[in-house]
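User: Hi! I'd like to go through a structure with you, one piece at a time. Could you help me read it?
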Amino acid sequence: MPDTRQAPPEMPTPVMAIESSCDDTACAIVTGDGRILADATLSQSGHVPFGGVVPEIAARAHLSALPALVRDTLEAAGLRARDLGAIAASCGPGLIGGLIVGADMGKGMALALDRPFIAVNHIEAHALTARLPGIAANGAPFPYLLLLVSGGHCQCIAVEGVGHYRRLGGTIDDAAGEAFDKVAKMLGLGWPGGPAVESLAREGDPGAVALPRPLMGRPGCDFSFSGLKTAVAQKLPAQVRTALTRQQAADLAASFQQAVSDIVIDRLGHALDMMPRPTTLVVAGGVAANGMLRARLRDFAAMHDLPFAAPPLRLCTDNAVMVAWAAIETMRARLALGLPIPDDIAMRPRPRWPLSEMAQRMTA
Ligand code: KG4
Ligand code: ZN
């Protein structure tokens with residue numbers, strides 16, 4: 001695939017982007033060469049009592065937060081709305097209520113300003129983040145191997161070019177972050193659970209509790225965490241919190257974390273065999289915050305003589321910079337192919353939007 005990062009002069013930039021596909025409301029402004037002029041993310045707290053994201057609460061929270069967030073982001077960048085070249089928004093996959101709120105806000109701005117509106121695939125945005133300047137060695141040339149591990153996603157993707165993604169495998173039940181959240185709930189640790197499990201695991205022995213590693217050693221690189229989660233549940237006595245000592249809970253957390261990282265490393269080994277040699281191993285998604293997993297991934301990459309890239313945490317979790325950057329990469333790749341800047345004003349947000357459909361955007 002040709003590298004298409006040299007900006008042609010006609011690129012409409014800077015790009016303002018909106019992210020509202022789950023429980024983070026985010027807005028950012030990014031220049032054509034990847035300079036972040038402003039970047040703001042608001043995490044919604046209304047879900048905490050429910051122990052998980054409630055779609056209706058998320059949509060309403062996006063609705064009340066976005067207008068002021070857009071205004072504040074412009075102010076932080078020192079720009080007026082008319083200085084923007086294009087508006088982008090995550091249009092799927094994700095929770096439909098939030099996607100509609102963000103996309104309609106972006107479309108309204110694009111119409112009022114007479115600028116193109118660019119619909120961004122949220123997973124594509126995670127996939128391309130590593131190509132923002134300064135994140136990966138040599139800017140992560142194609143092809144690279146992406147491990148996306150978040151509360152909603154767990155997949156290995158061969159990133160072969162802008163618009164060209166091959167899903168090598170993914171979870172057949174829970175996402176990795178979902179498993180962390182459920183185990184945290186079982187241990188009475190609150191939500192989101194990943195950081196709490198990780199911090200408790202520091203006090204525990206990762207070899208203390210025997211837990212299964214579903215699909216490990218099997219061909220392909222699909223993931224399964226549901227059996228692991230059930231096995232953790234079976235280790236718990238009936239009256240959970242009161243019956244476990246802190247040390248027992250810590251041992252369980254550490255053993256669970258060890259099992260998750262063993263599974264991920266095994267699956268990545270298979271992923272490597274399923275694509276041409278990648279230039280880089282890239283990790284993205286909220287679970288990439290896990291220090292132990294990061295260390296294992298770094299070792300794995302070194303063992304395979306691959307550079308390892310993990311975007312800074314605020315760009316690993318849901319954010320709007322990645323949405324703006326995906327729009328910029330898409331525009332640039334299309335211009336390089338002699339195609340016009342896309343205008344997706346008529347596109348309806350999609351709860352499901354497979355990456356395999358993105359290649360169509362590079363043809364018409
Ligand atoms: O990417 P993200 O912010 O949101 C989406 O799911 O799209 O990821 C959130 C997920 C949650 O499930 C959270 O428990 C998990 O990432 N997470 C972690 C850690 N920090 C966040 N999992 C394990 N260890 C962590 N340190
Ligand atoms: Zn995400």
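User: Which atom of ligand 1 is 2.7 Å from the side chain of Glu 198?
Analyst: A nitrogen atom of ligand 1 sits 2.7 Å from an N or O atom of that Glu 198 side chain. This counts as a polar contact, a pair of N or O atoms within 3.5 Å. Before we go on: this is a predicted model, where local features need pLDDT of at least 70, side-chain atom pairs count only at pLDDT 80 or more, and totals for chains, interfaces and linings use all residues. Residues are numbered from 1 along each chain as written, chains are lettered from A and ligands numbered from 1 in written order, and side-chain values use heavy atoms, without hydrogens and water.

User: How much of ligand 1 does the protein bury?
Analyst: Alone, ligand 1 exposes 550 Å², and the protein buries 88% of that (Shrake-Rupley areas, 1.4 Å probe).

User: And what does Gly 194 do with an oxygen atom of ligand 1?
Analyst: A polar backbone atom of Gly 194 is 2.9 Å from that oxygen atom.

User: New topic: which residues are the protein donors of the zinc ion, ligand 2?
Analyst: They are His 122 (NE2), His 126 (NE2) and Asp 318 (OD), 2.1 to 2.2 Å away. Donors are N, O and S atoms within 2.8 Å of the metal (3.2 Å for Na, K and Ca); water is not among the atoms, so sites may look incomplete.

User: What spacing do the donors follow along the chain?
Analyst: The spacing is H-x3-H-x191-D.

User: Are His 122 and Asp 318 buried or exposed?
Analyst: Both are buried, meaning under 20% relative accessible area, with exposed over 50% and partly exposed in between (1.4 Å probe, protein chains only).

How values were computed: A polar contact is a pair of N or O atoms within 3.5 Å; within protein, one must be able to donate a hydrogen and the other to accept it, and residues adjacent in sequence count only if both atoms are side-chain atoms.
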